[in-house]
Amino acid sequence: MTAVTSVVIVDDETLVRYGFELILGAAPDIDVVATANDVDAVRVVTEHRPDVVLLDVRMPHVNGLDVLREVQALPEPPAVAMLTTFDAEEYIGRAMELGAAGFLLKDTDPEALAEYVRVLARGGVVLAPGVDRRRLFAARTPVAIPPLSDREREVLRCIADGASNPDIGRRLGVSTGTVKEDVRALLVAFGVPTRVQLALRAAEAGLLDG
């Protein structure tokens, strides 16, 4: 049996919620368990405990970043991708620091949307075409670089590319279990809780150059 990924969609616009639900509902391995506006977002996510949350970054009553912060504080929080438009890219860096696993534009290609959700559920990072990766991974503060093996450096680059653990294993010719151990060691070495923040620290340390 194919594992089913549960999803909650949070947006203040009914039409956006309906459209995303309609698109994702057509995928046999994705179940949209609930949708919510900004006011009800945290309650709905807490109640349904989905695998993935698609969360509008800019809403009228409750800031999307505040919702993200509360969701990330839950035990075993879901993967969260922020929904945005081109004129909201100033939120990207802050959302990633708070633990968001990616950014999707609201006009994301419907054929790509389900695959983005699958990547999120596998622990990957997703950035829709049009989101400026250079802006996301722009260095801001100096970061001390812990001793790293060549493979760990390659794992960091793969994480920054949005690759899931199985994808990384195939790229590097190692098992998924080995990749999991490498990622766990990197999280400890950099002192961060999520792979998204790990990618940010790696960028700030200049490990993604080239």
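The axes of α7 (residues 150-160) and α8 cross at roughly 130° and come within 10 Å. This is a predicted model, in which local features need pLDDT of at least 70 and side-chain atom pairs count only at pLDDT 80 or more, while totals for chains, interfaces and linings use all residues. Residues are numbered from 1 along each chain as its sequence is written, and side-chain values use heavy atoms, with hydrogens and water left out.

**The protein as a whole**

- The protein has ten helices and six strands. Both are DSSP runs numbered from the N terminus, helices being H or I of at least four residues and strands being E of at least two.
- Of the 210 residues in the protein, 51% are buried. Buried means under 20% relative accessible area, exposed means over 50%, and partly exposed lies in between, with a 1.4 Å probe and protein chains only.
- Among the contacts with a separation of 6 or more, 66% are between residues 24 or more positions apart. Contact means heavy atoms within 4.5 Å.

**Helix α7 against helix α8**

- Two packed helices are described by the angle between their axes and the distance between the axes. Axes are lines fitted to C-alpha atoms, for helices over the stretch in contact, and the angles run from 0 to 180 degrees between N-to-C directions.
- The crossing of α7 with α8 is right-handed. A crossing has this hand if the near helix is turned clockwise from the far one by less than a right angle, and is left-handed if anticlockwise.
- On the α7 side the contact is made by Arg 151, Glu 154, Val 155, Cys 158 and Ile 159, and on the α8 side by Ile 168, Arg 171 and Leu 172.
- By class, the contact of α7 with α8 has five nonpolar, no polar and three charged residues. Ala, Val, Leu, Ile, Met, Phe, Trp, Tyr, Cys and Pro count as nonpolar, Asp, Glu, Lys and Arg as charged, and the others, Gly among them, as polar.

- Helix α8 (residues 165-172) packs against helix α9 (residues 176-190) at an angle of about 110°, and their axes are 8 Å apart. The two helices are therefore roughly perpendicular to each other.
- Asn 165, Pro 166, Ile 168 and Gly 169 of α8 meet Thr 176, Val 179, Lys 180 and Val 183 of α9. This contact of α8 with α9 has four nonpolar, three polar and one charged residues.
- The axes of α7 and α9 cross at roughly 90° and come within 10 Å. That makes α7 roughly perpendicular to α9.
- Arg 151, Glu 152, Val 155, Leu 156 and Ile 159 of α7 make this contact with Thr 178, Asp 182, Val 183, Ala 185, Leu 186 and Phe 190 of α9. The residues of the contact of α7 with α9 divide into seven nonpolar, one polar and three charged.

**Buried residues and helix ends**

- In α8, the buried residues are Asn 165, Ile 168 and Gly 169. They cover an arc of only 100° around the axis, so they lie on the same side of α8; the arc is that of the directions from the helix axis to the C-beta atoms.
- These buried residues of α8 pack against α7, α9 and α10 (195-204).
- In α7, Glu 152, Val 155, Leu 156, Cys 158, Ile 159 and Ala 160 are buried.

**Single residues elsewhere**

- Arg 49 is not a glycine, yet its phi is positive, about 45°. Arg 49 lies in the loop between α2 (41-48) and β3 (52-56), and counts as partly exposed at 37% relative accessibility.
- Glu 76, in the loop between α3 (64-72) and β4 (79-84), has a positive phi near 50°. At 75% relative accessibility, Glu 76 counts as exposed.
- Asp 31 is in strand β2 (residues 30-36) and is partly exposed, with a relative accessible area of 38%. Not counting residues up to four places away in sequence, Asp 31 touches Val 4, Thr 5, Ser 6 and Val 7.
- Ala 205 is in the segment after α10 and counts as buried at 17% relative accessibility. Ala 205 and Ala 144 are 61 residues apart in sequence, and their C-alpha atoms are 6.9 Å apart in space.

Terms used. Parallel < 35°, antiparallel > 145°, perpendicular 65-115°, else oblique.
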